Amino acid sequence: YCNYIKNLPKAQQSLEKFVAKYPNSTYVKRANEIIERCKAKKQQDKAFKAYDKKMKKEKEAEIKEMEQTILLEDAANMEKISKDYKRAIDYYKNDKYNEAILVLENILKNHLQYLDPNMLSSVNVRIGLCYAKRGIYSKAKIYFEEEIKINPKNLIPRFELAQTYISMGLHDKAFTVAEKFLEIKQEYARAHGLLARCYYNKGLINKALKELNKTLVSKDGTNMNYASAHTGLGNIYVDTGLYESAIKEYKRVQEIAPNYNAEYALYGIARTYYYMGLLDEATEYYKKTRDKKEIPFLYNLWAEVYKENDNKSELEKTVKEGIKWYKKEIENKKEDGVNYVGLSLLYGMFTQNLTEAEQLAKKAIELKPDHQSYYALGVYYQKTKNYNEAVKYLKIALEKNQSFTSGFFALSKCYRALGMFAEAKKTCKKALSINPKNRFIISELEKVNKKSSVVD
């Protein structure tokens with residue numbers, strides 16, 4: 001008993017032998033008690049084992065049921081995510097960006113754990129695109145930046161982030177992102193196109209031309225990339241006085257991608273004719289673009305055409321339509337600085353509502369601190385005859401874009417009003433070094449020379 005107390009079956013066996021061998025021993029009674037205890041313990045162990053076996057079986061069944069439930073829930077969630085994502089894409093295609101954002105952000109909020117890396121990437125990028133379309137660039141860039149952190153080699157969010165920085169007037173940041181493209185993928189057409197836009201917005205014309213030509217020879221480019229490149233070339237040729245070449249580039253866009261950038265090509269041709277002084281031809285192309293509502297500065301250009309033609313009724317009508325259009329765009333795209341610039345210039349150049357022009361220009365600088373925004377504020381001060389302030393802001397505009405001839409033109413007019421004829425001449429000559437055929441600058445220089453000779 002002492003030797004086998006820890007092993008009940010052996011203890012029972014030993015005690016049973018003891019009782020059989022020594023039936024008259026005084027220890028028999030005690031031995032039988034222990035034997036019964038061993039049997040009871042054996043039964044108890046058997047019962048426990050049966051219970052454990054039963055519980056284990058039940059637990060396994062429970063786990064299996066839970067796993068099956070989780071699988072069913074996962075499948076249901078994945079099906080819901082797929083349906084919601086498709087619904088969001090439909091909203092996006094139909095320009096219902098707010099609805100798309102609600103659906104996609106709900107996916108991130110309630111189903112994040114079910115998203116595989118590819119779906120998570122698609123959701124992040126699509127939300128960023130929706131915010132960009134809404135002109136809410138501060139939120140758009142957050143989603144693009146987040147996706148780049150998760151997947152550094154994904155080129156799509158990098159491209160969209162660079163686009164967003166350009167829309168925010170942050171051309172140096174856009175340039176950095178575009179350069180990173182080429183580290184990941186050399187000879188990438190979209191990256192060269194982005195670099196060209198950055199250089200162009202800073203007035204670095206030769207560098208922009210170089211990048212646009214690289215875009216056109218890139219083997220991975222699409223018709224859209226090439227069309228954008230030809231549009232960019234057309235813009236540069238207009239700005240540098242190569243008007244016939246500009247028209248050829250814009251017409252090339254219509255040949256390559258008639259359903260993409262075509263309205264910008266029409267607008268470009270009209271703008272070229274306007275700079276050439278061919279107002280009838282400009283008006284003809286204006287009529288072709290009048291229903292194209294997404295082109296910034298469209299109304300500003302046609303107001304200039306009608307003003308020069310002394311067509312007061314059409315001028316008034318165009319300015320009224322333009323103000324209405326810009327206000328709607330600002331309501332829909334509250335962070336898109338370009339619309340604030342366009343509306344500020346309409347008010348400042350064609351109405352007496354100069355207070356609105358000032359407020360809009362300052363808001364534009366807050367949202368998009370580039371040459372256009374500072375130019376708009378400079379024009380406001382010019383119109384209010386605060387020429388020193390106008391000079392200050394026009395100089396900032398030209399620091400940000402050194403080939404901005406409209407800025408040089410306004411600056412010369414301010415210098416002329418201040419009697420600073422030497423500075424005005426210098427400003428005109430600088431502008432003519434960029435575009436020797438700019439008829440507005442040529443006319444301004446004639447006025448400066450005439451005024452300075454009278455003073456002399």
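**View 1. The surroundings of Asn300 in the predicted model.** Leaving aside residues up to four places away in sequence, Asn300 touches Tyr326, Gly342, Leu345, Leu346 and Phe350, where contact means heavy atoms within 4.5 Å. Asn300 itself lies in helix 14, which covers residues 298–308; helices (H or I, at least four residues) and strands (E, at least two) are DSSP runs, numbered from the N terminus. With a relative accessible area of 9%, Asn300 is buried, a class that means under 20% relative accessible area, as against exposed at over 50% and partly exposed in between (1.4 Å probe, protein chains only). The model is a predicted one, in which local features need pLDDT of at least 70 and side-chain atom pairs count only at pLDDT 80 or more, whereas totals for chains, interfaces and linings use all residues. Residues are numbered from 1 along each chain as its sequence is written, and side-chain values use heavy atoms, with hydrogens and water left out.

**View 2. Helix 16, residues 337–350.** The 14 residues of helix 16 should span 20 Å at 1.5 Å a residue, and the end C-alpha atoms are 20 Å apart, which agrees; the expected span is 1.5 Å times one less than the number of residues. Helix 16 is mostly covered, since 13 of its 14 residues are buried.

**View 3. Asp95 in the loop between helix 2 and helix 3.** Asp95 sits in the loop that separates helix 2 (28–93) from helix 3 (97–111). Its phi is near 65 degrees, a positive value in a residue other than glycine. Asp95 is exposed, with a relative accessible area of 54%.

**View 4. Lys385 in the loop between helix 18 and helix 19.** Lys385 is found in the loop between helix 18 (371–383) and helix 19 (387–400), and its phi is near 65 degrees, a positive value in a residue other than glycine. With a relative accessible area of 62%, Lys385 is exposed.

**View 5. The whole chain as the setting for the close-ups.** The protein has 22 helices and zero strands, and its C-alpha trace spans about 150 × 45 × 40 Å along its principal axes. Of the 456 residues, 47% count as buried.
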